[in-house]
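Have a look at it before reading on.

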Amino acid sequence: SHVDNIVGVCSVLDMDSCAGAGLHLALSELLVRQTQDVTELSKQRTEVDSLKASLVGLYEKLSKSKEEVAKAKILDQEQTEVTAQYNKKIEFLGKKCIEYRRNIEKKEAILIKNGGNDPSIRHREIVKLKDNLLKLDEDLKPLSRQLQGFLSLPPSV
């Protein structure tokens with residue numbers, strides 16, 4: 001049984017003889033290789049743990065990025081709606097401007113037809129006439145009071 005185990009070990013190690021020194025040397029090499037493999041395995045586990053930590057960080061960043069993308073989509077939709085409303089208003093105002101220009105042209109044609117070329121009916125001239133009227137009204141007030149005073153006198157005989 002013990003010999004069977006030694007023979008089995010020698011067979012696995014591909015050794016032709018099971019002499020003590022050769023077997024010890026082969027086992028020592030196996031132990032050294034096992035130590036190296038354990039060291040390499042430890043390094044790889046450390047690297048895997050580091051990669052897992054990095055992966056968790058990347059998933060967090062991905063999650064935050066997805067949230068930001070969702071926010072950006074909502075903002076984009078809101079801004080698109082606002083832009084559409086502004087475009088409708090601009091289109092409406094553009095049409096109103098065209099309508100107002102046509103009305104101005106029509107009114108100017110009517111004004112010219114009715115003597116609108118007369119420089120005395122310009123706004124500046126009308127303001128001057130109004131100011132003159134107000135001045136004359138002010139001048140008229142004392143004269144009106146004086147006239148009232150004369151009219152209240154008894155008739156002379």
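Predicted model: local features only at pLDDT ≥ 70, side-chain atom pairs only at ≥ 80, totals over all residues.

Modeller: Residues are numbered from 1 along each chain as its sequence is written, and side-chain values use heavy atoms, with hydrogens and water left out.

Colleague: In what order do the elements of the protein chain run from the N terminus on?

Modeller: Helices (H or I, at least four residues) and strands (E, at least two) are DSSP runs, numbered from the N terminus. The protein chain has three helices and zero strands. From the N terminus on, the order is α-α-α.

Colleague: What is the radius of gyration of the protein chain?

Modeller: This radius is taken over C-alpha atoms, and the globule rule is 2.2 Å times the number of residues to the power 0.38. For 157 residues the rule gives 15 Å, and the chain is well over that, so it is more spread out than a compact globule. The C-alpha trace spans about 175 × 45 × 25 Å along its principal axes. The radius of gyration of the protein chain is 55 Å.

Colleague: What share of the 157 residues of the protein chain count as buried?

Modeller: Buried means under 20% relative accessible area, exposed over 50%, and partly exposed in between (1.4 Å probe, protein chains only). The protein chain exposes about 14,500 Å², with carbon and sulfur atoms supplying 60% of it; such areas come from the Shrake-Rupley method with a 1.4 Å probe, and for residues only the protein chains shown count as cover. Of the 157 residues, the buried share is 3%.

Colleague: At which residue in H3 does a kink lie?

Modeller: Helix H3 (residues 123–151) reaches 40 Å from its first C-alpha to its last, close to the 42 Å expected, the expected span being 1.5 Å times one less than the number of residues. A bend is the angle between axes fitted to the seven residues ending at a residue and the seven starting there. In H3 a kink of about 25° comes shortly before the proline Pro 142, at Leu 140.

Colleague: How much accessible area do Leu 55, Leu 58, Tyr 59 and Leu 62 have together?

Modeller: Patches are made of residues with over 30% relative accessible area and no salt bridge, joining like charges within 9 Å and nonpolar side chains (Val, Leu, Ile, Met, Phe, Trp, Tyr) within 5 Å. Tyr 59 is exposed at 52% relative accessibility, and Leu 62 is partly exposed at 41%. These four residues form a nonpolar patch on the surface, and their accessible area together is about 410 Å².

Colleague: Which residue forms a salt bridge with Glu 91?

Modeller: Side chains of opposite charge can pair when their charged atoms come close. A salt bridge is a side-chain nitrogen of Lys or Arg within 4 Å of a carboxyl oxygen of Asp or Glu. With the closest N and O atoms 3.4 Å apart, the partner is Lys 95.

Colleague: How many residues apart in helix H2 are Glu 68 and Lys 71?

Modeller: The side chains of Glu 68 and Lys 71 meet in a salt bridge at 3.9 Å, N to O. Glu 68 is partly exposed at 48%, whereas Lys 71 counts as exposed at 52%. About one helical turn separates the two, a spacing in residues of three.
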